[in-house]
Amino acid sequence: MIATVPASQTAELDRKLDSLRSHAASWLSVGIQGRISYLEAIRRRALEVVPAMMADTIEAKGVGLEYAGEDLISGPISFLRTARFLQDTLQLIGRRGRVAFSERHVGVRPSGQVTLQVLPADRWDRVLYQGWKADVWLDRSVTLADLDSHLGSIYTKPDQAAARVALVLGAGNVASIGPLDLLHMLFYEGHVAMLKLNPVNDYLGPHVERVFGELIEDGFVDMAYGGAEVGSYLSQHEQVDKIHITGASRTHDAIVFGAGEDGAARREANRPLLDKPITSELGNVGPVVIVPGDWGSSDLRNQAEHVATQIVQNAGFNCNAAKVIVLPAAWPQKVAFMDTLRHVLRERPSRPSYYPGAEERFEKFRASHPNVEMLGERRPGVVPPSLLVGVDSEFEHLSFEEEAFCQIAATTEVGGADPSAYLDRAVDFCNDSLYGTLNATVIIDPSTRQAIAPAVDRAISRLRYGTIGINLWAAAGFVLGVTPWGAYPGHALDDIQSGRGFVHNARLIDRPLKTVIEAPFRIFPKPAWSVYHRNSTDTLTALAAFEAEPGIRNLAAVVANAVRY
């Protein structure tokens with residue numbers, strides 16, 4: 001039973017929504033230069049709050065300063081970068097009246113599907129992300145002839161703009177989620193918006209209010225605090241026209257269909273309580289597909305660190321974490337890789353499991369499989385990095401059907417007489433057996449990739465995920481800003497899985513299908529977001545300053561810190 005909201009609080013929420021409604025048309029009338037001015041203020045203030053925000057974050061998570069890097073990359077850096085390129089895109093539209101991609105950045109696949117290269121996004125990216133590339137694959141209905149009509153959102157299609165009030169229900173695990181979703185509602189959708197933070201991280205509220213201060217003062221943004229009862233009240237409010245939810249599918253279903261048996265019956269009959277547009281980003285059981293090759297000892301170590309980071313970063317409380325490691329059954333180096341993965345996971349110090357319910361979820365998953373390896377100390381308040389080893393890929397299993405949301409991942413094996421056959425079967429497994437479609441990662445060495453190039457291209461094309469990372473944790477798509485972030489399109493409201501819609505879309509691409517991000521198999525220097533980068537916090541502090549104000553001096557500070565790993 002969800003508690004009711006006190007009358008004094010509903011009166012305040014009503015007042016805030018009435019105020020937003022009264023300003024919705026005014027926000028639509030703000031021109032591009034005015035919006036650019038707001039973004040400039042947002043970026044300036046976002047950098048100003050970084051020290052205090054990071055101090056509050058690591059205190060709330062019960063960790064030390066050495067862990068600040070993980071929150072810098074998923075918090076201020078992702079926000080600053082998205083705001084920077086959103087401003088850049090608006091400036092481009094202001095000059096040219098359109099979102100212009102050069103001919104070399106527009107591609108057409110053999111099937112006729114149009115792609116847009118969005119990374120490197122500028123000259124600085126070519127230095128910071130050497131060898132990286134990201135392509136947005138557009139909906140198959142988009143052609144070269146009508147590409148322009150599918151870029152630019154309300155800035156090139158003003159007839160689609162509407163004066164609406166949006167509600168953003170933020171998640172409790174990552175600092176930037178709510179603020180980034182606010183950016184999307186304001187600058188992509190063109191709506192005024194209220195952000196309700198999750199109680200787990202509502203300590204971020206004063207910092208968010210500072211960052212969006214000018215928009216709050218001018219009546220275009222407001223904030224709400226409280227638990228599920230406040231979210232339910234706001235979602236059903238007549239003044240709210242549109243909702244965006246980040247969190248678990250259970251939360252989505254409770255809001256859309258209601259709680260308890262009545263909600264379950266509504267969902268079964270697909271009779272939602274709410275008659276308003278709802279978008280969402282709801283996580284998934286994220287796979288990491290290991291393609292067999294001949295790896296050296298340093299490759300085994302580097303890729304084990306790569307996979308381990310995907311399991312333990314933010315104590316595993318990431319919607320894009322590695323949850324199923326897909327291994328080739330016939331790979332001669334399979335045992336060596338797994339031994340190395342165990343070794344690097346044991347190197348990680350114990351840390352508190354700050355997100356509510358982690359221990360209960362951990363015990364539920366432990367009970368689901370007889371072969372559980374805890375690679376750290378289990379004690380009250382601490383869930384150690386753990387593996388469910390050898391889950392049979394031929395059968396249904398909890399680890400394939402539900403996101404654990406803690407530091408636990410399953411391993412499974414897929415057969416195939418050669419790397420091409422294995423990759424085809426691995427794609428089938430991911431598409432057909434794993435819950436959700438948010439992100440997937442594929443790791444393949446350059447020699448093997450060259451040898452089975454048609455199979456790799458086929459795999460990338462067939463994977464039904466919103467973001468696919470090749471030799472790169474697909475979570476990079478959350479951070480890069482120019483890469484739209486969301487589930488692969490097509491989920492029904494009553495089977496929502498990873499959600500509907502895309503956010504973090506700084507290039508204002510209207511009909512993305514998925515994003516493919518590629519990086520070298522051997523990334524140098526070690527990525528600063530790796531939990532094994534010893535100078536992560538200093539490097540990412542410098543990167544936050546760079547994203548707020550790109551320049552040679554700030555770039556040099558990033559590079560100088562990055563190579564000290």
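Student: Are Tyr-129 and Trp-132 buried or exposed?

Tutor: The model is predicted, with local features needing pLDDT of at least 70 and side-chain atom pairs counting only at pLDDT 80 or more, while totals for chains, interfaces and linings use all residues. Residues are numbered from 1 along each chain as its sequence is written, and side-chain values use heavy atoms, with hydrogens and water left out. Buried means under 20% relative accessible area, exposed over 50%, and partly exposed in between (1.4 Å probe, protein chains only). Tyr-129 and Trp-132 are both buried.

Student: How many aromatic pairs does the structure hold?

Tutor: Rings of Phe, Tyr and Trp (its six-membered ring) pair if their centres lie within 6.5 Å; planes under 30 degrees apart count as stacked, over 60 as edge-to-face and the rest as tilted. By this criterion, the number of aromatic pairs in the structure is 20.

Student: What is the angle between the planes of Phe-79 and Phe-212?

Tutor: The centres of these two rings are 5.9 Å apart, and the pair of Phe-79 and Phe-212 is edge-to-face. The angle between their planes is 65°.

Student: How many residues apart in sequence are the parts that the pair of Phe-79 and Phe-212 ties together?

Tutor: Helices (H or I, at least four residues) and strands (E, at least two) are DSSP runs, numbered from the N terminus. Phe-79 belongs to helix α3 (residues 68-96), whereas Phe-212 is in the loop between α6 (205-211) and α7 (213-217). Phe-79 is buried at a relative accessible area of 6%, and Phe-212 is buried at 1%. The pair therefore ties together parts whose separation in residues is 133.

Student: Which residues are linked into a cluster by ring pairs, and which residue has its charged end over the ring of Trp-27?

Tutor: Ring pairs join Trp-27, Tyr-38, Phe-187 and Phe-220 into a cluster. A charge sits over a ring if NZ of Lys or CZ of Arg is within 6 Å of the ring centre and within 35 degrees of the ring normal. At 4.1 Å from the centre of the Trp-27 ring, the charged end is that of Arg-35.

Student: Where is Val-174, and how far in space is its C-alpha from that of Asn-318?

Tutor: Val-174 is in the loop between β4 (165-169) and α5, and counts as buried at 6% relative accessibility. Contact means heavy atoms within 4.5 Å; leaving aside neighbours within four places in sequence, Val-174 is in contact with Ser-74, Asn-201, Asn-314, Asn-318 and Phe-478. Val-174 and Asn-318 are 144 residues apart in sequence, and their C-alpha to C-alpha distance is 7.7 Å.

Student: What is the phi of Ala-315?

Tutor: Most residues other than glycine have a negative phi, and most peptide bonds are trans. Ala-315 is in the loop between α11 (297-312) and β10 (322-328), and is buried, with a relative accessible area of 2%. Although Ala-315 is not a glycine, its phi is positive, at about 60°.

Student: What is the phi of His-504?

Tutor: His-504 is found in the loop between β18 (502-503) and β19. His-504 is buried, its relative accessible area being 3%. Its phi is positive in a residue other than glycine, and lies near 55°.
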